[in-house]
Amino acid sequence: NLGLFFSESDTNGACSAATQHGFFADTSESKLKGCDDGTVRDVFPNKVVQVVAVDFTTDTSVGDGKFYFLVPAELNGMNLVGVQAQVVTAGTTNPTNVDLARCAATATGNACSGVVVDMLSTNITIDSGENSTTTAATPAVIDTANDDVATGQIIRIDIDAVSTTAAKGLIVNMQFQVHRL
């Protein structure tokens with residue numbers, strides 16, 4: 001039997017001895033952790049995908065499909081757990097808002113002409129005069145009902161609003177993790 005079994009005493013386990021090995025459920029982060037020679041690590045680390053949605057010298061503009069990302073087998077069954085965005089040149093007056101849409105693969109025609117769902121309940125926001133989402137007044141919120149991905153689905157990056165003086169370039173990071181405990 002290669003199954004893992006946990007009891008209440010396994011949660012938030014101590015990992016201090018240089019010869020200690022094992023697994024425990026970290027309930028504070030809802031993650032499975034491992035202990036190797038006194039060092040704690042994630043058993044299923046996050047995977048980050050970074051895309052350049054708008055070229056670095058091009059003004060951002062409103063529209064769907066600024067970039068399409070095909071979900072590979074390595075991300076199958078994972079959840080979107082984090083998003084960040086960065087522009088190369090900050091826009092001014094009003095924020096730039098970015099949305100992520102998950103599309104089911106279609107056999108022919110427009111890849112996102114079938115079922116499309118928003119992965120965010122609150123869009124990614126880059127505030128006026130800023131280059132990233134790091135200090136956004138309104139942080140992005142992932143819609144947990146639509147955060148899972150499967151091989152062959154497409155994630156479409158949409159720009160829903162731009163600054164009056166448009167930002168230039170757009171880089172989007174998407175962080176994925178296996179389903180939480």
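Visitor: In which strand is the place of F56?

Guide: This is a predicted model, and in it F56 has its place in strand β4, which covers residues 47–59.

Visitor: Why does F56 count as partly exposed?

Guide: The relative accessibility of F56 is 39%, and since buried means under 20% and exposed means over 50%, F56 falls in between and therefore counts as partly exposed.

Visitor: Which residues make the nonpolar surface patch?

Guide: V52, F56 and V88 make this patch, which amounts to about 240 Å². A patch residue needs over 30% relative accessible area, and F56, at 39%, passes that mark.

Visitor: Why is strand β7 called largely enclosed by the rest of the structure?

Guide: Strand β7 takes in residues 96–103, and eight of these eight residues are buried, so the strand is largely enclosed by the rest of the structure. T96, V98, L100 and R102 point one way from β7, whereas N97, D99, A101 and C103 point the other way, and all of them are buried.

Visitor: How do you know that β7 and strand β12 pair?

Guide: Two strands pair if there are at least two bridges between them, and β7 and strand β12 (residues 154–161) have seven, in the antiparallel sense, with A101 standing opposite R156 in β12. Strand β7 also pairs in the antiparallel sense with strand β10 (residues 124–126), over three bridges, and there N97 stands opposite T125. Three bridges likewise join β7 to strand β8 (residues 116–118), which run antiparallel, and in β8 the bridge partner of C103 is V116.

Visitor: Are C103 and C112 buried or exposed?

Guide: Buried means under 20% relative accessible area; C103 stands at 1% and is therefore buried, and C112, with 9%, is buried by that rule too.

Visitor: How do you know that D64 and R156 form a salt bridge?

Guide: The rule asks for a side-chain nitrogen of Lys or Arg within 4 Å of a carboxyl oxygen of Asp or Glu, and the closest N and O atoms of D64 and R156 are 3.8 Å apart, so the pair meets the limit. D64 lies in strand β5 (residues 63–70) and R156 in strand β12, so the pair ties together parts that are 92 residues apart in sequence. D64 is exposed, with a relative accessible area of 52%, whereas R156 is buried, with 11%.

Visitor: What makes D64, R156 and D158 one network?

Guide: The side chains of D158 and R156 also meet in a salt bridge, at 2.8 Å from N to O, and salt bridges that share partners join D64, R156 and D158 into one network. D158 has a relative accessible area of 3%, and therefore it is buried.

Visitor: Why is it said that R102 and D148 tie together parts of the sequence?

Guide: R102 forms a salt bridge with D148, the closest N and O atoms being 3.4 Å apart. R102 lies in strand β7 and D148 in the loop between β11 (141–142) and β12, so the pair ties together parts that are 46 residues apart in sequence. R102 is buried, with a relative accessible area of 13%, while D148, at 33% relative accessibility, counts as partly exposed.

Visitor: Which residues does T93 touch, not counting residues up to four places away in sequence?

Guide: T93 touches S128, S163 and T164, and its own place is in the loop between β6 (78–86) and β7. T93 has 46% relative accessibility, which lies between the limits of 20% and 50%, so this residue counts as partly exposed.

Key. Residues are numbered from 1 along each chain as its sequence is written. This is a predicted model: local features need pLDDT of at least 70, side-chain atom pairs count only at pLDDT 80 or more; totals for chains, interfaces and linings use all residues. Side-chain values use heavy atoms; hydrogens and water are left out. Buried means under 20% relative accessible area, exposed over 50%, partly exposed in between (1.4 Å probe, protein chains only). Helices (H or I, at least four residues) and strands (E, at least two) are DSSP runs, numbered from the N terminus. Patches are made of residues with over 30% relative accessible area and no salt bridge: like charges are joined within 9 Å, nonpolar side chains (Val, Leu, Ile, Met, Phe, Trp, Tyr) within 5 Å. Accessible areas come from the Shrake-Rupley method with a 1.4 Å probe; for residues, only the protein chains shown count as cover. Contact means heavy atoms within 4.5 Å.
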